[in-house]
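Here is a short report on one protein structure. Look at the sequence and the fold first, then read on.

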Amino acid sequence: MGILKDKLSAFAEERRTELKSLAKEHGDVQIGETKVSHVLGGMRGLPGLLCDTSTVSPQEGLKIRNIPINDLTNALPEDVFYLLLTGEM
């Protein structure tokens, strides 16, 4: 368990540094304009949040850590959990 804890601590520190830098450099940048019709339609096409574990696009569908979900259907739950935590398979 110590190895995983050390890996997660290092990973978390890297992400924390990246997010602080992003906030400092681009914190005031507007990324979209929301209308009531967008919200009522499920916010399709609107940036809603920043997520480093997954992305969803109309063309490619869901990707977890840049791996298409279909490629993970035979993975063990523990493997996917590890992928989500560390970014590595």
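Arginine 65 is in contact with Phe11, Asp52, Thr53, Ser54, Leu83, Leu84, Leu85 and Gly87, leaving aside its neighbours within four places in sequence. This is a predicted model. One of these contacts can be looked at in detail. The side chain of arginine 65 reaches the backbone oxygen of leucine 84, at 2.6 Å.

Is arginine 65 buried or exposed? Arginine 65 is buried, because its relative accessible area is 16% and buried means under 20%.

**The loop between E2 and E3**

Arginine 65 sits in the loop between E2 and E3. Asparagine 66 lies in that loop too. Asparagine 66 counts as exposed, because its relative accessibility is 61% and exposed means over 50%. Each of these residues also has a positive phi. For arginine 65 the angle is about 50°, although this residue is not a glycine. For asparagine 66 it is about 70°, and again the residue is not a glycine.

| Residue | Phi | Relative accessible area |
|---|---|---|
| Arginine 65 | about 50° | 16% |
| Asparagine 66 | about 70° | 61% |

**The sheet around the loop**

Now turn to the strands. In what order do the three strands of the open sheet come? The order is E1-E2-E3, and the pairing is antiparallel. Strand E1 (54-57) and strand E3 (67-68) stand at the edges, each with a single partner strand, so one side of each is left without a neighbour in the sheet.

Strand E2 covers residues 61-64. Two bridges join E2 to E3, and the two strands run antiparallel. Isoleucine 64 has isoleucine 67, in E3, as its bridge partner.

**The largest pocket**

Last comes the open space. Rolling a probe the size of a water molecule over the atoms shows where empty space is left. The largest pocket holds about 270 Å³ of space.

Which residues line the largest pocket? They are Gly45, Leu49, Cys51, Ser54, Thr55, Val56, Ser57 and Pro58. By class, four of the lining residues are nonpolar, four are polar and none is charged. Ser54 links two parts of this account. Ser54 is one of the residues in contact with arginine 65, and Ser54 is also among those that line the largest pocket. Strand E1 spans 54-57, and the lining includes Ser54, Thr55, Val56 and Ser57.

Note on methods
Residues are numbered from 1 along each chain as its sequence is written. This is a predicted model: local features need pLDDT of at least 70, side-chain atom pairs count only at pLDDT 80 or more; totals for chains, interfaces and linings use all residues. Side-chain values use heavy atoms; hydrogens and water are left out. Two strands pair if DSSP finds at least two bridges between them. Helices (H or I, at least four residues) and strands (E, at least two) are DSSP runs, numbered from the N terminus. Buried means under 20% relative accessible area, exposed over 50%, partly exposed in between (1.4 Å probe, protein chains only). A polar contact is a pair of N or O atoms within 3.5 Å; within protein, one must be able to donate a hydrogen and the other to accept it, and residues adjacent in sequence count only if both atoms are side-chain atoms. Contact means heavy atoms within 4.5 Å. On a 1 Å grid over the protein atoms alone, a cavity is a set of points where a 1.4 Å probe fits but cannot get out, and a pocket is an open set with protein on both sides within 12 Å along at least five of seven lines; lining residues have an atom within 4 Å of a point. Grid points are joined across faces, edges and corners, and a volume is the space filled by probe spheres set on the points. Ala, Val, Leu, Ile, Met, Phe, Trp, Tyr, Cys and Pro count as nonpolar, Asp, Glu, Lys and Arg as charged, and the others, Gly among them, as polar.
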